[in-house]
Amino acid sequence: MARVYSDGTSPSTRAGFDDDGQMMFPKTPIIRSEPYRRWVASLPCIACGVEGFSQAAHANYGKGLSMKTCDTKTFPLCGPHWGLAGCHQAHDSGMTRAERRSAETRYVEQMRDLAIASGWGEFFS
């Protein structure tokens, strides 16, 4: 006989699975695409507009420890150039968490729209 807690839940339900063993809250698949990341890096920096120095920066929200987020949550930020550290470094270490999350949300939304308009829509459906 399966164990049932006093609130009527079973161990599997508490772990996020229904009685049929299906995940109650399925995880969104993590998309990895080197061609997409290269395309993102080919764009001007989304923060300052400089061209030719961008890197595909991953958002820092919605990830696990030592894990990158899905490639659909990338945006171009410039790396070091002309003696400057670049927006990527400033983004990662020069903002408060709230400022960074706000910027990342804007950047991810802008990139989603641009990517769909540029033919990368299959990653966002």
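The legends below describe close-up views of a predicted model.

**View 1. Helix H4 and its buried side.**
Helix H4 covers residues 97–117, which is 21 residues. From its first C-alpha to its last, H4 reaches 30 Å, close to the 30 Å expected at 1.5 Å a residue. Its buried residues are Arg-100, Ala-103, Glu-104, Tyr-107, Val-108, Met-111 and Ala-115. They lie on the same side of H4, because they cover an arc of only 140 degrees around the axis. This buried side packs against helix H2 (34–41), strand E2 (74–78) and helix H3 (87–93).

**View 2. The other face of H4 and the residue after its end.**
Ala-98, Asp-113 and Ala-117 are exposed, on the face of H4 turned away from its buried side. Just after H4 comes Gly-119, whose phi is positive, at about 95 degrees.

**View 3. Helix H2, from its start to its two faces.**
At the start of H2, a side-chain oxygen of Ser-33 comes to within 3.2 Å of the backbone nitrogen of Tyr-36. Tyr-36 is also one of the buried residues of H2, together with Trp-39 and Val-40. Seen down the axis of H2, the buried residues fall within an arc of 100 degrees, so they line one face of the helix. The elements that cover them include E1, E2 and H4. On the face turned away from the buried side, H2 carries the exposed residues Pro-35 and Arg-38.

**View 4. Asp-71 in the loop between E1 and E2.**
Is Asp-71 buried or exposed? Asp-71 is buried, with a relative accessible area of 1%. Its side chain makes a polar contact with the side chain of His-58, at 2.9 Å. Not counting residues up to four places away in sequence, Asp-71 touches Ile-31, Arg-32, Ser-33, Tyr-36, Arg-37 and His-58.

**View 5. His-81 in the loop between E2 and H3.**
His-81 is buried, and its relative accessible area is 7%. A polar atom of its side chain lies 2.7 Å from the backbone oxygen of Gly-79. Leaving aside neighbours within four places in sequence, His-81 is in contact with Val-50, Phe-53 and Gly-86.

How many disulfides does the structure hold? The structure holds 0 disulfides. Cys-45 is in no disulfide, and the nearest cysteine sulfur, that of Cys-48, is 3.8 Å away. A pair of cysteine sulfur atoms has to be within 2.5 Å to count as a disulfide. Cys-45 is buried, with a relative accessible area of 4%. Cys-78 is in no disulfide either; here the nearest cysteine sulfur is that of Cys-87, 3.6 Å away. Cys-78 is buried as well, at 1% relative accessible area.

**View 6. Cys-48 and the cysteines it touches.**
Cys-48 is found in the loop between H2 and strand E1 (54–58). Cys-48 counts as partly exposed because its relative accessibility is 44%. Leaving aside neighbours within four places in sequence, Cys-48 is in contact with Cys-78 and Cys-87. Cys-48 and Cys-78 are 30 residues apart along the chain, and their C-alpha atoms are separated by 8.1 Å.

Terms used:
Residues are numbered from 1 along each chain as its sequence is written. This is a predicted model: local features need pLDDT of at least 70, side-chain atom pairs count only at pLDDT 80 or more; totals for chains, interfaces and linings use all residues. Side-chain values use heavy atoms; hydrogens and water are left out. Helices (H or I, at least four residues) and strands (E, at least two) are DSSP runs, numbered from the N terminus. The expected span of a helix is 1.5 Å times one less than its number of residues. Buried means under 20% relative accessible area, exposed over 50%, partly exposed in between (1.4 Å probe, protein chains only). The arc is that of the directions from the helix axis to the C-beta atoms. Contact means heavy atoms within 4.5 Å. A polar contact is a pair of N or O atoms within 3.5 Å; within protein, one must be able to donate a hydrogen and the other to accept it, and residues adjacent in sequence count only if both atoms are side-chain atoms.
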